[in-house]
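Colleague: Could you take me through one part of this model closely, namely the salt bridges and what surrounds them? Please give the cut-offs as you go.

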Amino acid sequence: MSGIVVVGSQWGDEGKGKVVDVFSAKADYVVRYQGGANAGHTLIVDGKKTVLHLVPSGILHSDTICIIGPGVVLDIETIFDEIKALKESGELKDSNQLLISELCTVIMPYHKQLDAAREQSAGHEKIGTTGKGIGPAYEDRASRRAILFGDLFYENTLRKKVEHSLKEKNLLFEKCYGLEPINIEQTLAEFKNLGQLLKPYRCKDTSLVISKALNAGKKVLFEGAQGSLLDLLHGTYPYVTSSSTIAGSACVGAAVGPGKIDKVIGITKAYTTRVGSGPFPTELKTEVGQKLRDIGQEYGATTGRERRCGWIDLVALKYAIRINGITNISLMKIDVLSGFDEIKICTKYKINGELHEDYPIAVDELNEAEPIYESMPGWSEDLTKLQSFDDVPEACKKYIQFLQDEIETPIDIVSVGPGREQTLWLKPLF
Ligand code: GDP
Ligand code: IMO
Ligand code: MG
């Protein structure tokens, strides 16, 4: 038994892709279990950048098998483009390196159109989605009208399902949003064709593959997308994504029993970022926030949008540790904090004059939350070339120790740059 979940502990973009790539050197399988092409996971190996939206971040290791599980909403064009690029660069040599579950929900053009139309009509109230059709696709899954990846190979089923779905969707487009209806024949032809091109990657039962692997003592990583505070049920609702992003979702989205999970690794930025709308108590709309954005290069890997930036928020992080059952932390982007005279850490919120140590969950309260900070002296040394944690400057070690004491969870990995090799292990995790 060696199932390890890698999960974002903030609002996404913590560096999950980098960590999964690093861990994949020792993993036999990497499984994506939720979300879709709203994710943007960046890997930097020997200076070469790869951004993955759907293909699991183990793909640069030729001995690691990557699986896209049933909980994922599959953007057929995006996955096709990713596979094409990976084949061209020689990283994907064999179709057996990537298995896509037949049970994945397919994102259709009408999902993207509906996502965009709703955001546009919401004006200032918009969620700030990635526009990838994620919400409408998960809605169709819940209302039992989704097109599954396996349906693309059965022409009659595909036609029947698309007709059924478009009947309602086209009414919405015309009557609610004043848009042209979607052409059914064009949609069908496009999807049948793309389906054929993806046929070599089709897998009937990915959960069987995972189960056999775990029973044989193989290491299986479950790669989360988004972050805990974007969880559909437990995040800053409605400013969330439309899937469950917490660690338990790995069991549901990949069909693996909770007893098969040994560790839950929380990926945590040394500060906080958020893309899109919604509460963010430690957000800095100041020069300090801009400095974090500039040094940390905080621009979205999927949409290129500016990420909102602020100090680390331990009230929110402790909540994430609790709802995920995080056993170990990988602390990311600590190098970005070099050069700040003072570093702040939010340990409590003040809401309507009262101090709160526990995360309040309700958006109205979070909007009122004033962060209460502890302050620590910064450091000026460049950390990006360090080879060992022993060489980390004392002030930085104290910052990490302070975080660890507050969250009562071991920080076992410290990342000092985007590259695969810029990773300091405090304790071996495997
Ligand atoms: P993900 O969505 O969680 O996989 O994260 P993203 O890839 O969207 O965003 C993380 C960004 O930070 C990417 O550009 C990474 O290359 C970069 N990154 C990851 N770890 C580090 C680090 O330790 N230091 C720095 N400076 N950049 C990092
Ligand atoms: P990774 O895996 C950061 C955010 C969007 C928006 C909200 C809903 O790279 O960490 P959606 O398109 O999902 O309906 O948008 O969720 N969001 C992310 N923010 N990182 C992500 O993924 C995200 N995926 C969605 O910005 O606020
Ligand atoms: Mg990202």
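Modeller: What follows starts with the salt bridges and moves on to a strand, a histidine and a pair of domains. This is a predicted model, in which local features need pLDDT of at least 70 and side-chain atom pairs count only at pLDDT 80 or more, while totals for chains, interfaces and linings use all residues. Residues are numbered from 1 along each chain as its sequence is written, chains are lettered from A and ligands numbered from 1 in the order in which they are written, and side-chain values use heavy atoms, with hydrogens and water left out.

A salt bridge here is a side-chain nitrogen of Lys or Arg within 4 Å of a carboxyl oxygen of Asp or Glu. That rule gives a count of 24 salt bridges.

One of them joins Asp13 to Arg307, with 3.0 Å between the closest N and O atoms. The two residues are 294 residues apart: Asp13 sits in the loop between strand E1 (3-8) and helix H1 (16-24), and Arg307 in the loop between helix H9 (287-296) and strand E13 (308-310). Helices (H or I, at least four residues) and strands (E, at least two) are DSSP runs, numbered from the N terminus. Asp13 is partly exposed at 23% relative accessibility, whereas Arg307 is buried at 7%. Buried means under 20% relative accessible area, exposed over 50%, and partly exposed in between (1.4 Å probe, protein chains only). Asp13 and Arg307 also belong to a network of salt bridges that links them with Lys269, Glu298 and Lys333.

A second pair is Glu102 and Arg202, whose closest N and O atoms are 2.6 Å apart. Glu102 is buried, at 13% relative accessible area, and Arg202 is partly exposed, at 25%.

Glu155 and Lys192 form another salt bridge, at 3.6 Å from N to O. Because Glu155 is in helix H5 (residues 155-176) and Lys192 in helix H6 (residues 184-198), the pair connects parts 37 residues apart in sequence. Lys192 is partly exposed, with a relative accessible area of 35%.

Next, the strand. In E11 (residues 261-269), seven of the nine residues are buried. E11 runs parallel to E1, with six bridges joining them, and Ile4 stands opposite Lys263 in E11. E11 also runs parallel to strand E15 (residues 328-332), through five bridges; there Thr268 stands opposite Leu331. Two strands pair if DSSP finds at least two bridges between them.

His111 is in helix H3 (residues 109-122) and is buried, with a relative accessible area of 0%. Beyond its neighbours within four places in sequence, His111 has contacts (heavy atoms within 4.5 Å) with residues including Val106, Pro136 and Lys169. The side chains of His111 and Asp140 are joined by a polar contact of 2.8 Å. A polar contact is a pair of N or O atoms within 3.5 Å; within protein, one must be able to donate a hydrogen and the other to accept it, and residues adjacent in sequence count only if both atoms are side-chain atoms.

Finally, the domain assignment gives domain 1 (105-198) and domain 2 (269-425). Between these two domains the count is zero salt bridges.

How values were computed. Domain bounds come from an automatic or database domain assignment.
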